[in-house]
Amino acid sequence: MHRFFVKPEQWNEEDAFIEGEDYNHIHNVLRMKAGEELLVCDEGEKEYQCKIVGYDETLFHVNLEIVDVFGNARELPTELVLFQGYPKGDKLEWIVQKAVELGVSKIVPVSMKRCVVKLDDKKAAKKVERMSAIGLSAAKQSKRGKIPEVTSVMSMKEACEYAKTLEYVLLPYENAEGMEAARTLIANAKGKKSVGIFIGPEGGFAPEEVAMIEAIGGKTMSLGHRILRTETAGMTILSLLMFLIDED
């Protein structure tokens, strides 16, 4: 069953409507008819099974009747925030898509010392807009209950200030202790309300950046004896955390 997100002003206890690009997708691409059903998520705790009542071609609304209401059990009980060193090329698009599928709550692109790409404010804003659209698409595909946020690009100082508000912070780092210590650090994430994960860019972290993260309580950890690419490292630790903290 097709699934769409709505804002609070688009629904009430009995009915709802869909607008914007989703209107065009439902009406002109899927060609759904009155009486057909779809799922609507309010980005909160509930998901609604709805029946199409009809189309308002003046307001460009798909008018819906709510048939049933379900609790949303697809979100992880822990907020996962990915602080991603800004990568080159189109890697960030892949990272956003896969991180959303794995349950991340927020993605923070970070401008680090060894980042190859340097964006001005205008280009960075356009890139974030593009990443947000990819995140929305991935949230729909993976049937997420919320649309993860892709923030504006932060400096390391700004990222560390934000990470200080999180309960637990992990830093995969090639110079960290071995796998037994890593297993303990991963296990300690269980039960935490929020976990931040810092991932370096292609050139890795500068020593002073590691020191900054450790200064706010971040824990360095190994991801094994192999050196992982920036796009692989984040997905590895997100996968480990997803299996650890996801509930039945």
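Visitor: Which are the buried residues of helix 5 (residues 179–187)?

Guide: They are Ala-182, Leu-185 and Ile-186. Buried means under 20% relative accessible area, exposed means over 50%, and partly exposed lies in between (1.4 Å probe, protein chains only). Helices are DSSP runs of H or I with at least four residues, strands are runs of E with at least two, and both are numbered from the N terminus. This is a predicted model, with residues numbered from 1 along each chain as its sequence is written. Local features need pLDDT of at least 70, side-chain atom pairs count only at pLDDT 80 or more, totals for chains, interfaces and linings use all residues, and side-chain values use heavy atoms, with hydrogens and water left out.

Visitor: What covers the buried residues of helix 5?

Guide: The cover includes strand 10 (168–172), strand 12 (219–221) and helix 7 (230–245).

Visitor: Why is helix 2 called roughly parallel to helix 7?

Guide: Helix 2 (residues 91–101) packs against helix 7 at an angle of about 10°, with the axes 10 Å apart. Angles under 35 degrees count as roughly parallel, over 145 as roughly antiparallel, 65 to 115 as roughly perpendicular, and the rest as oblique. Therefore helix 2 is roughly parallel to helix 7. The axes are lines fitted to C-alpha atoms, for helices over the stretch in contact, and angles run from 0 to 180 degrees between N-to-C directions.

Visitor: Which residues make that contact?

Guide: Helix 2 gives Lys-91, Trp-94, Ile-95, Lys-98 and Ala-99, and helix 7 gives Thr-230, Glu-231, Met-235 and Leu-238. Contact means heavy atoms within 4.5 Å. By class, there are five nonpolar, one polar and three charged residues. Ala, Val, Leu, Ile, Met, Phe, Trp, Tyr, Cys and Pro count as nonpolar, Asp, Glu, Lys and Arg as charged, and the others, Gly among them, as polar.

Visitor: What makes Asp-22 count as buried?

Guide: Its relative accessibility is 14%, so Asp-22 counts as buried. Asp-22 belongs to helix 1 (residues 21–29). Leaving out residues up to four places away, Asp-22 touches Phe-4, Phe-5 and Lys-140.

Visitor: How do you know that Ile-245 is buried?

Guide: The relative accessible area of Ile-245 is 3%, so the residue is buried. Ile-245 is in helix 7. Outside four places in sequence, its contacts are Leu-76, Pro-77, Thr-78, Leu-80, Ala-189 and Lys-190.

Visitor: Why is Phe-60 called partly exposed?

Guide: Its relative accessibility is 48%, so Phe-60 counts as partly exposed. Phe-60 lies in the loop between strand 4 (46–56) and strand 5 (61–71). Its phi is near 60°, a positive value in a residue other than glycine. Most residues other than glycine have a negative phi.

Visitor: What makes Lys-143 partly exposed?

Guide: Lys-143 has 31% relative accessibility, so it counts as partly exposed. Lys-143 is in the loop between helix 3 (121–141) and strand 8 (149–150). The phi of Lys-143 is near 60°, positive in a residue other than glycine.

Visitor: How many helices and strands are in the protein?

Guide: There are seven helices and twelve strands. Of the 248 residues, 46% count as buried.
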